[in-house]
Amino acid sequence: MAPGGEMFRYSQHFGENVLPHGSHKWLPYSKNEVRLKSPNTNLSRLVRNEAFPIFPKGGVPMKLPISPRLLACADLVPPCRRAADVGCDHGYLAIHLIRSGIAGQVIASDINEAPLQSALHNAARYGVREKMSFYRSDGVRQIPHDFDCLICAGMGGDTMVSILSAAPWLRSEQYTLVLQCQSKTPLLRRYLSDTGWVIDRETILRDGKFLYTVIRALWNPAAPRLTVGGRYLPPAARDNPPELYADYRDYVLRGLRLTLAHQDNPEKQQALAELEALAISI
Ligand SMILES: C[S@@+](CC[C@H](N)C(=O)[O-])C[C@H]1O[C@@H](n2cnc3c(N)ncnc32)[C@H](O)[C@@H]1O
């Protein structure tokens, strides 16, 4: 195989956005590789191996439709031998982790059959089928334990708490958690802190109209617990660009004030008082 690696040659000649259309042909190149021939390919250039990328058999060189939210999750995954994407749905995050070299292998699991089939199909389409394993599993119940980083994205904080609390074996320095929840984030932060996890990074991002956060947690039961205010706005969130941090802080404060205008809630009252004092001191 010519030097450079297939991703290098692909991005050099086509860019990540180009989808070769019907008139292109795949030609055999080696036992495990194919080469792309466009209708205008000059055969002598093909023979000289110039400008025509080589891909793994079954791989389709097109852009992965992965969202900024999932890319932010991938950014928090430490380079690892094997990651587990629980609730993988389409499998795009898992595929991206392999294609970008962040994870050597990925366990892709989902509680439902249809998303799992879609992940399997996409893994084959994007040429990473061999590096992924697929499990139908409620949380981490039916997946192997030999991985380094657990990722759960796009679920409610309560679902994540029930997944994590059903698996005390996860409480170990072996595992990094990357969690992106769509609701009840303070509940998840509280659970993490109470059980011995420390939020070492929390990325705030805007994707379309929405603000999201992605949590990375490491096992460290000796670390101090989050304060009540910290469950709503953890110290790690301060490491974001100041405008994003300010937007998120305002969003949290607005939410707390709105709830407290309609109901009594001592925890939220305490969090609001703590965060208002913090806002004054920034
Ligand atoms: C909204 S999708 C999010 C998919 C993807 N992780 C993302 O963030 O784009 C939630 C996925 O989690 C799966 N799911 C929900 N509860 C689960 C559980 N207890 N265990 C495993 N998967 C679950 C659903 O079937 C669905 O495919």
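This is a predicted model: local features need pLDDT of at least 70, side-chain atom pairs count only at pLDDT 80 or more; totals for chains, interfaces and linings use all residues.
How are helix 3 and helix 4 oriented to each other: parallel, perpendicular or oblique?

The axes of helix 3, residues 68–75, and helix 4, residues 92–99, come within 10 Å and cross at roughly 50°. An angle under 35 degrees would count as roughly parallel, and one from 65 to 115 as roughly perpendicular. Helix 3 and helix 4 are therefore oblique to each other. As for the hand, the crossing of helix 3 with helix 4 is right-handed. On the side of helix 3, the residues that make the contact are Leu70, Cys73 and Ala74; on the side of helix 4, they are Tyr92, Leu93, His96 and Leu97. By class, the contact comprises 6 nonpolar residues and 1 polar residue, with no charged residue.

The buried residues are Tyr92, Leu93, Ala94, Ile95, His96, Leu97 and Ile98. What do these residues pack against? Their partners are helix 3, strand 4, strand 5 (103–110), helix 5 (113–125), strand 6 (132–136) and strand 7. Just after helix 4, Gly101 adopts a positive phi of about 80°.

Strand 4, one of those partners, spans residues 80–86 and contains Ala84. With 27 other C-beta atoms within 10 Å, Ala84 is buried. Setting aside neighbours within four places in sequence, the contacts of Ala84 are Ile107, Ser109, Ile143, Phe147, Leu150 and Ile151. Ala84 and Ser133 are separated by 49 residues in sequence and by 9.4 Å in space, C-alpha to C-alpha.

I turn now to the ligand. Which residues come nearest to it? Of the 16 residues around the ligand, the nearest are Gly87, Asp89, Ile111, Ala153 and Gly154. Two elements give two or more residues to this shell, namely strand 7 (149–156) and helix 6 (157–165). The largest share, 3 residues, is contributed by strand 7. Sorted by class, the shell has 8 nonpolar, 5 polar and 3 charged residues.

Asp89 sits in the loop between strand 4 and helix 4, and its phi is near 50°, a positive value in a residue other than glycine. In general, most residues other than glycine have a negative phi. With 19 C-beta neighbours inside 10 Å, Asp89 counts as partly exposed.

Lys184, in the loop between strand 8 (176–183) and helix 7, is not a glycine and yet has a positive phi of about 55°. Lys184 is partly exposed, with 17 other C-beta atoms within 10 Å.

How do helix 6 and helix 7 lie relative to each other? Helix 7 covers residues 185–195, and its axis is 7 Å from that of helix 6, at an angle of about 25°. The two helices are therefore roughly parallel to each other. From helix 6, the contact draws on Gly157, Asp158, Met160, Val161 and Leu164; from helix 7, on Thr185, Leu187, Leu188 and Tyr191. The classes here are 6 nonpolar, 2 polar and 1 charged.

Finally, the chain as a whole. The chain has 10 helices and 10 strands, and 35% of its 282 residues count as buried. Among contacts between residues at least 6 apart in sequence, 66% join residues at least 24 apart.

Technical notes:
Residues are numbered from 1 along each chain as its sequence is written. Axes are lines fitted to C-alpha atoms, for helices over the stretch in contact, and angles run from 0 to 180 degrees between N-to-C directions. Helices (H or I, at least four residues) and strands (E, at least two) are DSSP runs, numbered from the N terminus. Angles under 35 degrees count as roughly parallel, over 145 as roughly antiparallel, 65 to 115 as roughly perpendicular and the rest as oblique. A crossing is left-handed if the near helix is turned anticlockwise from the far one by less than a right angle, and right-handed if clockwise. Two residues are in contact if their C-beta atoms, placed from the backbone, lie within 7 Å. Ala, Val, Leu, Ile, Met, Phe, Trp, Tyr, Cys and Pro count as nonpolar, Asp, Glu, Lys and Arg as charged, and the others, Gly among them, as polar. A residue is near a molecule or strand if its C-beta atom, placed from the backbone, lies within 6 Å of it. A residue is buried if 20 or more other C-beta atoms lie within 10 Å of its own, exposed if 12 or fewer, and partly exposed in between; C-beta atoms are placed from the backbone.
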